[in-house]
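Please look at the sequence and the 3D structure below. The briefing that follows goes through the structure topic by topic.

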Amino acid sequence: MMNTNEGIIINNIYFNLTQLEKDCWNRLVNGAVKSKDAFHAPCVGSISNGEVSMRTMVLRKALPIEKVLRFHTDIRSRKWNELALNNSISALFYDSAARIQLRVKGKAVLHFDSAITAEAWQKTALSGRRSYLTTNSPSSFSDIPTSGLAEKVEQENFTVEESEVGQQNFGIVDVQVESIDWLWLHHAGHRRAFFDYVIGDFRWMVP
Ligand SMILES: Cc1cc2nc3c(=O)[nH]c(=O)nc-3n(C[C@H](O)[C@H](O)[C@H](O)COP(=O)(O)O)c2cc1C
């Protein structure tokens, strides 16, 4: 039997809003640090000319105290320019094993050419750095199927030192989280909660 009383734990899900909110952030932190985690690559949505725009992005960091999620991207990308114009951003996570969906909404804070980006760039491996080294901007059309990389960049002997130039295209998208909509699927009745950081309110919802 399901029980909605505060403090009762069923299937390892805390039925206490404060603990549940902590559990959400634990899951987000795991998603950021574990590449095989279900929360590692959410769908991130932004608005482009009044239209919804979505893409998969790797979650690089989750900061539970600051309520921040961090993503990396090329500052020449469409999403960067979209977010500069409209900083509304949303990230959608689903863990099918745990049957938990998180819909995170917030405001994007863009970091570029700063101490934060320099530190993250230094920690970015050569394979990751290649993404920032396309000759033309991401989303540029091409007459041929292409990686967009110069031949030299694709070669095995391309060095970390040579990849440094990619830093000029490297940006960080921080999401200052304003709300988390938590949904847990269960055959005997789903459960849903809403964590609002703007007004500082945690509430249960009808799923
Ligand atoms: C598993 C996966 C992870 C991805 N991670 C990132 C990422 O961390 N940052 C990024 O900018 N694009 C990432 N992409 C590519 C984006 O989904 C997207 O195709 C690209 O960034 C262009 O998006 P835009 O035109 O909206 O800027 C990833 C794609 C996949 C399939």
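## Ligand contacts

A polar side-chain atom of K79 lies 2.7 Å from an oxygen atom of the ligand, which makes a polar contact (a pair of N or O atoms within 3.5 Å; within protein, one must be able to donate a hydrogen and the other to accept it, and residues adjacent in sequence count only if both atoms are side-chain atoms). The model is predicted: local features need pLDDT of at least 70, side-chain atom pairs count only at pLDDT 80 or more, and totals for chains, interfaces and linings use all residues. Residues are numbered from 1 along each chain as its sequence is written, and side-chain values use heavy atoms, with hydrogens and water left out.

**Around the ligand**

- A polar side-chain atom of R60 lies 3.3 Å from an oxygen atom of the ligand.
- V58 uses its backbone instead: a backbone N or O atom of V58 lies 3.0 Å from an oxygen atom of the ligand.
- The ligand taken alone exposes 620 Å², and the protein buries 59% of that; accessible areas come from the Shrake-Rupley method with a 1.4 Å probe, and for residues only the protein chains shown count as cover.
- Strand 4 (51-56), strand 6 (68-74) and helix 2 (78-85) are the elements that give two or more residues to the shell around the ligand; helices (H or I, at least four residues) and strands (E, at least two) are DSSP runs, numbered from the N terminus.
- The residues around the ligand are R55, T56, M57, V58, R60, H72, T73, S77, R78, K79 and S139, where a residue is near a molecule if one of its heavy atoms lies within 4 Å of it.
- By type, the shell divides into two nonpolar, five polar and four charged residues; Ala, Val, Leu, Ile, Met, Phe, Trp, Tyr, Cys and Pro count as nonpolar, Asp, Glu, Lys and Arg as charged, and the others, Gly among them, as polar.

**The chain as a whole**

- The chain contains six helices and eleven strands.
- The C-alpha trace of the chain spans about 60 × 35 × 35 Å along its principal axes.
- Of the 207 residues in the chain, 42% are buried (buried means under 20% relative accessible area, exposed over 50%, partly exposed in between, with a 1.4 Å probe and protein chains only).

**Helix 1**

- Helix 1 (residues 17-33) has 17 residues and reaches 25 Å from its first C-alpha to its last, close to the 24 Å expected at 1.5 Å a residue; the expected span is 1.5 Å times one less than the number of residues.
- N16 sits in the loop between strand 2 (13-14) and helix 1.
- The side chain of N16 reaches the backbone nitrogen of T18 at 3.0 Å and the backbone nitrogen of Q19 at 2.9 Å.
- Buried residues in helix 1 include L17, L20, C24, W25 and L28.
- G31 also lies in helix 1, and G31 counts as buried at 0% relative accessibility.
- The C-alpha atoms of G31 and K61 are separated by 8.4 Å, although these residues are 30 residues apart along the chain.

**Aromatic pairs**

- The structure holds seven aromatic pairs; rings of Phe, Tyr and Trp (its six-membered ring) pair if their centres lie within 6.5 Å, and planes under 30 degrees apart count as stacked, over 60 as edge-to-face and the rest as tilted.
- One of the pairs is F39 with F93, which is tilted, at 5.1 Å centre to centre and 55 degrees between the planes.
- F39 lies in the loop between helix 1 and strand 3 (43-48) and F93 in strand 7 (residues 88-95), so the pair ties together parts that are 54 residues apart in sequence.
- F39 is buried, with a relative accessible area of 1%, and F93 is buried, with 2%.
- Ring pairs also link W121, Y132 and F170 into a cluster.

- L63 is found in strand 5 (residues 61-63) and counts as partly exposed at 22% relative accessibility.
- L63 and Q176 are 113 residues apart in sequence and 9.8 Å apart in space, C-alpha to C-alpha.
- Most residues other than glycine have a negative phi.
- K67, in the loop between strand 5 and strand 6, has a positive phi near 60 degrees.
- D113, in the loop between strand 8 (100-112) and helix 3 (115-122), has a positive phi near 55 degrees.
- D113 is exposed, with a relative accessible area of 67%.
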